[in-house]
Amino acid sequence: MSRAHAEVRRYGVLKAEDNEILTRVGPGTLMGELLRRYWTPACLSEEIPAPGSPPARVRLLGEKLVAFRDTAGRVGLMQENCPHRGASLYYGRNEDAALRCVYHGWAYDTEGRCVDMPSEPAPFCEKVRM
Ligand code: FES
């Protein structure tokens, strides 16, 4: 028996299904749910340097996100695609303490709440949340 073979026998090799469990980190996966319970660095401060600066794309745990520092200096991290029609918020306008989607103008604060919806009355806006 070779030394390498002896080590494999001693320490074991992951089965394919165990490997799947340990390496999948997207939403709804076992490891994904575990890792989302802990703080994870998402981007550097210098990527969103000043209040009102353009958003930054972030790929984290298999999710497409955008990070931004609103005009009040608060940092937000949210899904990249707008809940309305899926336009990318990476191209959003950072204004009035919110990130405004350039497609239809819905605006989201750093907590993911919809704070402005130009074409709809206020009660509907309050129901939308990232
Ligand atoms: S797609 Fe963003 S407001 Fe419509």
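## Sheet and nonpolar cores in a predicted model

Strands β1 (residues 56–60) and β2 (residues 63–69) run antiparallel and are joined by five bridges. Strands are DSSP runs (E, at least two residues), numbered from the N terminus, and two strands pair if DSSP finds at least two bridges between them. This is a predicted model, in which local features need pLDDT of at least 70, side-chain atom pairs count only at pLDDT 80 or more, and totals for chains, interfaces and linings use all residues. Residues are numbered from 1 along each chain as its sequence is written, and side-chain values use heavy atoms, with hydrogens and water left out.

β1 and β2 form a hairpin with two residues between them, and Leu61 in the turn has a positive phi of about 50°. An open sheet of three strands has the order β1-β2-β3 with antiparallel pairing. β1 and β3 (75–79) are its edge strands, each pairing on one side only.

| Strand pair | Bridges | Bridge partners |
|---|---|---|
| β1 and β2 | five bridges | Val58 and Leu65 |
| β2 and β3 | five bridges | Ala67 and Leu77 |

Buried means under 20% relative accessible area (1.4 Å probe, protein chains only).

A nonpolar core is a set of buried Ala, Val, Leu, Ile, Met, Phe, Trp, Tyr and Cys residues joined through side-chain atoms within 4.5 Å. The largest has 14 residues, of which Met78, Leu89, Trp106, Tyr108, Cys114, Met117 and Val128 touch the most other members. Another core, of seven residues, lies apart from it and includes Ile48, Val58, Leu61 and Ala67.

Notes: Buried < 20%, exposed > 50% of the residue type's maximum accessible area, 1.4 Å probe, protein only. Helix = DSSP H or I, 4+ residues; strand = E, 2+ residues; numbered from the N terminus.
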